Amino acid sequence: MDHRTLKERLAGAFVALITPFDAADQVDVAGLRGNAAWMLARGLDGILLLGSTGEQVHLSEFERALVLEVGRQQIPADRLLIAGAGLSGTRQTIEETRQAGRAGADVALVVTPSYYQKAMNAANLTNHYRAVADASPIPIMLYSVPPIVNVTLPAEAVAALAGHPNIIGMKNSGGDPQMAGLYREAAAGHDFIILGGSAHAAPGFLLTGLVDGVILAAANVLPEAAANLVRAARDGDITATRRYGELLRRVSETVGRHGIAGWKAGLAARGQVGGLARLPLRNITDSERQQVIAWTNELAAAL
């Protein structure tokens, strides 16, 4: 039995897992089970389902509930299930966290609302997250992912929220070290976990203490590198940290250039189930797929 606290367990390596679809464009339940088992066998501390890479915004309410139910069945209690949550409205987001709680998720990762971007200032985001945290049956993490939603969570909001008893930390998917430093300063004095979402920034952020762990899309293709990266940084092994960080950077710049369709193709190249991305995302061509397979095989051989 793992006797560490939830926050201690969150200071690890996680994959932002894709959601596989079958030929009929339905959630591939068997594929999801197999992908999750394969990831955990490669040393990851848990799995994020329904994150940005998991196409949460492309899934129906029923499908989101199904993914979490299947995920919890496959992910044992000694590994963490992080549920991506967050819709445009606070009421809907609260219901998402409740659904995550009913499915047995350990933590809800709540992305910043982004539809009314100009209104997403520090005060409104603070009110949103506080209301969600007050109502959520499970701990929540703040989620700032400006490359996707074009909203950066202000450090001022983090400072106002870091002491909330049901806000356990945040994921910072940005790569700006100055912003990462502001987040760490904002949470000073609180037991607040910060996870990094940028494969490029992860090695430096881990070694300098700007993040405590990672949730990476690149781990869909190289979960071993993500797990070893965090362990090496924790041990202070700079050489190994740089080595695994370089592998993750390379897979992000090659396979990751094709977005979610690329991650799915890369995962398939590792022998797992990828499938197609849902429209309006572009799927890759046959020639691009062959290039992804070549990149994946080259990088996996370097592990």
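What follows is a working chat about the cavity, pocket, helix packing and some backbone details of a predicted model.

Me: OK. How many cavities of 30 Å³ or more are there?
Reply: The count comes to one cavity of 30 Å³ or more.

Me: And how much space lies in the largest cavity?
Reply: The largest cavity holds about 50 Å³ of space.

Me: Which residues line it?
Reply: The lining of the largest cavity consists of Leu50, Arg64, Leu68, Gly84, Ala85, Glu96, Gln99 and Ala100. By class, four are nonpolar, two are polar and two are charged.

Me: Which elements supply at least two residues each of that lining?
Reply: Those are α3 (61–74), β3 (80–85) and α4 (90–103). With three residues, α4 gives the most.

Me: Leu50 is on the lining list. Where is it found?
Reply: Leu50 sits in the loop between β2 (46–49) and α3.

Me: Why does Leu50 count as buried?
Reply: Its relative accessibility is 3%, and buried means under 20%. Therefore Leu50 counts as buried.

Me: What about its phi?
Reply: Phi of Leu50 is near 65 degrees, which is a positive value in a residue other than glycine. Most residues other than glycine have a negative phi.

Me: What is the phi of Asn150?
Reply: Asn150 has a positive phi of about 65 degrees, and it is not a glycine. Asn150 belongs to the loop between α6 and α7.

Me: Is Asn150 buried or exposed?
Reply: Exposed, because its relative accessibility is 57% and the cut-off for exposed is over 50%.

Me: Switching to the pocket. How much space lies in the largest pocket?
Reply: About 1,000 Å³. Its lining has 45 residues, and those nearest the centre of the pocket are Ser52, Thr53, Tyr143, Val145 and Ile148.

Me: Which elements give two or more residues to that lining?
Reply: β3, β4 (107–111), α6 (146–149), β8 (213–216) and α12 (259–269) do. Of the elements, α12 gives the most to the pocket lining, with four residues.

Me: How do the lining residues of the pocket divide by class?
Reply: There are 24 nonpolar, 18 polar and three charged residues in the lining of the largest pocket.

Me: Back to α12. How many of its residues are buried?
Reply: Eight of its 11 residues are buried, so α12 is mostly covered. The buried residues are Ile260, Ala261, Gly262, Trp263, Lys264, Ala265, Gly266 and Leu267.

Me: What do they pack against?
Reply: The buried residues of α12 pack against α2 (29–40), α11 (238–253) and α13 (286–301).

Me: Where is the cis peptide bond?
Reply: A cis peptide bond joins Leu279 and Pro280, with omega at about 15 degrees. Pro280 is in the loop between α12 and α13. Most peptide bonds are trans.

Me: New topic, helix packing. At what angle do α4 and α5 pack?
Reply: The angle between α4 and helix α5 (residues 122–135) is about 35 degrees, and their axes are 9 Å apart. Their crossing is right-handed.

Me: Which residues meet there?
Reply: From α4 there are Thr90, Thr93, Ile94, Thr97 and Arg98, and these meet His128, Ala131, Val132 and Ala135 in α5. The residues of this contact are four nonpolar, four polar and one charged.

Me: Now His164. Where is it found, and is it buried or exposed?
Reply: His164 is in the loop between α7 (155–161) and β6 (167–172). His164 is buried because its relative accessible area is 15%, and the limit for buried is under 20%.

Me: What is His164 in contact with, leaving aside neighbours within four places in sequence?
Reply: Arg130, Ala133 and Asp134.

Me: Last one, Asp235. Where is it, and is it buried or exposed?
Reply: Asp235 is in helix α10 (residues 223–235). At 63% relative accessibility, Asp235 counts as exposed.

Me: How far is its C-alpha atom from that of Leu207?
Reply: The two C-alpha atoms are separated by 9.7 Å, with the residues 28 apart along the chain.

Note on methods
Residues numbered from 1 in each chain as written. Predicted model: local features only at pLDDT ≥ 70, side-chain atom pairs only at ≥ 80, totals over all residues. Heavy atoms only, no water. 1 Å grid on protein atoms, 1.4 Å probe; cavity = no way out; pocket = protein on both sides within 12 Å on 5 of 7 lines; lining within 4 Å. Points joined across faces, edges and corners; volume = space filled by probe spheres on them. Nonpolar A, V, L, I, M, F, W, Y, C, P; charged D, E, K, R; others polar. Axes fitted to C-alpha atoms, helices over the stretch in contact; angles between N-to-C directions. Left-handed = near helix turned anticlockwise from the far one by under 90°. Contact = heavy atoms within 4.5 Å. Buried < 20%, exposed > 50% of the residue type's maximum accessible area, 1.4 Å probe, protein only.
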